[in-house]
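Hi,

Here is the structure I said I'd pass on. Have a look at it first, and my notes follow below.

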Amino acid sequence: MSIKRLHVGPRMSQAVIHGGVAYLAGQVANNAKGKSVTDQTKDILTAIDGLLAEAGTSKSKLLTAQIWLTDMKTFAEMNAVWDGWVAAGNTPARATVQSPALAAPGYDVEIMVAAAI
């Protein structure tokens with residue numbers, strides 16, 4: 001089976017497609033760094049929508065989601081955005097954990113998903 005990579009960088013690709021599944025790298029809020037968890041989550045989910053579309057799939061085909069928060073006190077805030085975004089009846093298997101630090105200061109949410117093609 002072939003492997004297709006999207007937005008290949010020296011350290012990582014933003015998405016890898018193999019075996020009928022699109023695996024996205026963890027996404028952070030590049031356009032909302034330092035802003036609220038609500039703003040960061042919205043920005044991340046917009047980026048995920050774009051990458052999924054580029055990979056030939058959508059949020060209605062999500063298989064898994066992993067979410068990292070720097071503070072679990074923001075869990076409800078993140079979920080309010082997530083719940084309005086995720087496709088009803090097509091929710092993925094999901095885990096949310098706290099990580100005291102993410103890739104760089106100012107990032108408080110990171111989300112990684114995989115979706116069927």
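**The pocket, then the fold**

The largest pocket is lined by Met-12, Gln-14, Gly-26, Gln-27, Val-28, Asn-30, Ala-103 and Glu-110. A pocket here is an open set of points on a 1 Å grid over the protein atoms alone, where a 1.4 Å probe fits, with protein on both sides within 12 Å along at least five of seven lines; lining residues have an atom within 4 Å of a point. The volume comes to about 150 Å³, taken as the space filled by probe spheres set on the points, with grid points joined across faces, edges and corners. By class, the lining has 3 nonpolar, 4 polar and 1 charged residues (Ala, Val, Leu, Ile, Met, Phe, Trp, Tyr, Cys and Pro count as nonpolar, Asp, Glu, Lys and Arg as charged, the others, Gly among them, as polar).

Before you read on: this is a predicted model, where local features need pLDDT of at least 70 and side-chain atom pairs count only at pLDDT 80 or more, while totals for chains, interfaces and linings use all residues. Residues are numbered from 1 along each chain as its sequence is written, and side-chain values use heavy atoms, with hydrogens and water left out.

Now the sheet. It is open and mixed, with 6 strands in the order S1-S2-S3-S6-S4-S5. Strands (E, at least two residues) and helices (H or I, at least four) are DSSP runs numbered from the N terminus, and two strands pair if DSSP finds at least two bridges between them. At the edges are S1 (3-8) and S5 (93-98), each pairing on one side only. From one strand to the next, the twist averages 10 degrees.

S1 and S2 run antiparallel, joined by 5 bridges, and a hairpin of 4 residues links them. Arg-5 sits opposite Val-16 of S2. S2 (residues 13-18) then pairs with S3 (residues 21-24), again antiparallel, over 4 bridges. Ala-22 in S3 is the bridge partner of Ile-17, and Ala-15 faces Leu-24. That hairpin has 2 residues between its strands, and Gly-19 in the turn has a positive phi of about 60 degrees. S3 goes on to pair with S6, antiparallel over 3 bridges, with Val-21 partnered by Ala-116.

What about the helices? The axes of H1 and H2 come within 8 Å and cross at roughly 35 degrees (axes are lines fitted to C-alpha atoms, for helices over the stretch in contact, and angles run from 0 to 180 degrees between N-to-C directions). Contact means heavy atoms within 4.5 Å. On the H1 side, the residues involved include Leu-45 and Ile-48; on the H2 side, they include Trp-82 and Trp-85. The contact has 7 nonpolar, 2 polar and 3 charged residues.

Cheers
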